[in-house]
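Here is a short tour of a protein model, taken one spot at a time. Keep the structure open beside you as you read.

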Amino acid sequence: MRLGGLGALGMAARGAPAWALPPEANLTLRIAPVTVEFSPNLVFSTIGYNGTAPGPILRMREGVPQIVDVVNDTDVPEQVHWHGLLLPPELDGADEEGTPPVPPHGRRRYQFTPKPAGTRWYHTHTMAMADLHRGSYTGQFGFLVIEGRSDPGAYDQEVFLALREWEPYFTALMADADALSPRWPMPERPDVPEIAANGLEVSAAFFSINDKALGAGEPIRVRAGQRVLFHLLNAGAIENRSLALAGHPFHVIALDGNPVPSPQPVDHLVLGPGERVDAYVEMNRPGVWIMGALEDNVRNAGLGVVVEYAGQRQPPQWLPQGRPAWDYTIFGSTPHGDRVPARAGTDSIEMVFEKVARAHEDKFNGFLINGKPYPHDREFVLHEGRRYRLTFRNRTNDAHPLHLHRHLFELVEIYGKPTAGIMKDTVVVPRWGRAVVEFVADQPGLTLFHCHIQQHMDYGFKALLRYA
Ligand SMILES: [Cu+2]
């Protein structure tokens with residue numbers, strides 16, 4: 001065993017047996033203010049990990065124990081959530097589940113055995129409320145890759161791209177909130193539409209991929225004939241993001257880090273906050289191309305990166321894209337029949353989501369689940385070993401990325417279509433839409449469920465599930 005720090009040596013000098021020495025962390029994450037240069041003309045201050053935002057790409061091996069020390073060099077308590085991992089509540093990283101926070105100017109040690117394999121991520125999980133310099137509005141996010149035995153296939157390069165917005169502000173003037181959604185059925189749409197004035201929501205003026213705006217920083221350099229594996233993450237706090245690489249389809253192989261039953265090529269991707277997509281691109285169209293958001297205003301405000309083939313020198317080119325048409329079900333396997341029958345022994349949990357305009361401080365919208373505010377004490381009680389069917393009824397005019405902590409779920413119905421085999425931890429339910437997911441209650445302990453849009457979570461779009 002390697003020696004720890006000076007404290008450990010001191011203990012040894014006093015005669016502590018070697019086995020009593022604390023082991024060294026194999027990873028230290030330091031939460032502290034950082035300054036990020038998004039372009040030569042745009043420099044922001046935020047909070048990051050280890051001096052950068054996004055934080056370092058962490059790699060762990062599935063099943064190999066880890067010791068992570070998190071040091072908090074800020075004045076406020078912090079939480080690090082390990083998104084997509086199956087961890088006990090005391091390590092998961094959510095106040096609501098009882099995870100002890102990392103105290104201000106203090107530290108906390110996390111010891112865990114990471115699983116399952118796949119593209120995961122880590123990020124702050126504090127509340128922000130009306131403070132747009134806290135929680136997921138900051139730069140506290142990064143990729144966490146859990147390497148497993150499964151073979152991702154042959155590829156020549158691996159590229160990690162986190163999509164983000166910056167300098168958020170409150171506004172009641174929102175663009176079409178669902179511009180990225182096709183016209184899906186709206187089974188939860190009320191007969192009489194609500195006309196209450198909408199509250200202030202969060203928007204942003206600047207965007208980046210990783211820590212650079214489109215046109216700043218180095219291009220992704222490729223060669224004709226290469227296969228490049230992209231790991232994509234919407235690390236944003238506020239909205240769905242789209243992405244296309246001019247002239248090149250994405251071959252989607254995994255959603256939220258989990259291999260899909262039917263890998264498919266698509267012209268573009270749409271990711272809700274918290275979601276990941278793993279997709280490879282065959283580099284077979286030499287040139288200098290823009291990979292960026294479909295919406296011109298978002299792409300031109302920074303959400304993009306240049307892909308440059310070797311030997312090509314022309315200005316980067318964007319090609320007009322069609323209307324977004326993202327559909328999870330093309331990556332699933334087809335269940336038998338039109339409807340997915342609940343498996344024998346499956347219990348049902350219904351969740352109806354509603355928005356209450358300007359419920360908070362006469363400014364911010366509030367959210368209710370089944371007509372009630374958080375915490376839904378004893379409302380959602382799980383029995384270990386049982387399979388649950390969760391029906392999400394979105395009776396609001398926004399799309400919501402719904403995240404279940406500490407469990408993976410299988411998507412069984414969305415857009416009015418049955419599907420099977422798609423394992424996720426976050427699913428975007430379209431406005432007035434419905435989604436049905438199933439999961440096995442095999443992770444005892446408090447389990448947080450919430451919308452991954454920071455403002456929605458802060459103002460009530462969350463619930464605690466507990467085990468009996
Ligand atoms: Cu939401």
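Going along the chain, the donors of the copper ion are spaced as H-x50-C-x4-H. H400 sits in strand β24 (residues 400-404) and C451 sits in strand β29 (residues 447-451), so this pair ties together parts of the chain that are 51 residues apart in sequence. Keep in mind that you're looking at a predicted model.

Which atoms coordinate the copper ion? They are ND1 of H400, SG of C451 and ND1 of H456, at 2.0 to 2.1 Å. And are H400 and C451 buried or exposed? Both of them are buried.

## The sheet around β29

An open sheet is built from 5 strands, in the order β22-β30-β29-β24-β27, and its pairing is mixed. At the edges you'll find β22 (381-382) and β27 (426-429), each of which pairs on one side only.

Take β29 and strand β30 (residues 462-467): they run antiparallel and are joined by 4 bridges. If you want a spot to look for, find H450, which stands opposite K462 in β30.

## Zooming in on L448

L448 also has its place in strand β29. How buried is L448? Its relative accessible area is 0%, and anything under 20% counts as buried, so L448 is buried.

What does L448 touch, once you leave aside its neighbours within four places in sequence? Its contacts include A94, E96, E97 and H125, along with H403, L404 and H405. K462, A463 and L464 are in contact with L448 too.

Let's hop to another part of the chain, strand β5 (residues 80-83).

β5 pairs with strand β7 (residues 118-124) in the antiparallel sense, over 4 bridges. Within that pairing, V80 stands opposite T124 in β7.

## Salt bridges

How many salt bridges turn up in a search of the whole structure? The count is 32. One of them joins R393 to E188, with the closest N and O atoms 2.9 Å apart. This pair links distant parts of the chain: R393 is in strand β23 (residues 387-395), and E188 is in the loop between β9 (157-171) and β10 (201-209), 205 residues apart. Both R393 and E188 are buried.

D256 and R276 form a salt bridge as well, and here the closest N and O atoms are 3.8 Å apart. D256 is in the loop between β14 (250-255) and β15 (258-266), and R276 is in strand β17 (residues 276-282), 20 residues apart. D256 is buried, and R276 is buried too.

E350 lies in strand β20 (residues 346-360) and R393 in strand β23, so the pair ties together parts that are 43 residues apart in sequence. E350 is partly exposed, with a relative accessible area of 36%, whereas R393 is buried at 19%.

Terms used. Residues are numbered from 1 along each chain as its sequence is written. This is a predicted model: local features need pLDDT of at least 70, side-chain atom pairs count only at pLDDT 80 or more; totals for chains, interfaces and linings use all residues. Side-chain values use heavy atoms; hydrogens and water are left out. Donors are N, O and S atoms within 2.8 Å of the metal (3.2 Å for Na, K and Ca); water is not among the atoms, so sites may look incomplete. Helices (H or I, at least four residues) and strands (E, at least two) are DSSP runs, numbered from the N terminus. Buried means under 20% relative accessible area, exposed over 50%, partly exposed in between (1.4 Å probe, protein chains only). Two strands pair if DSSP finds at least two bridges between them. Contact means heavy atoms within 4.5 Å. A salt bridge is a side-chain nitrogen of Lys or Arg within 4 Å of a carboxyl oxygen of Asp or Glu.
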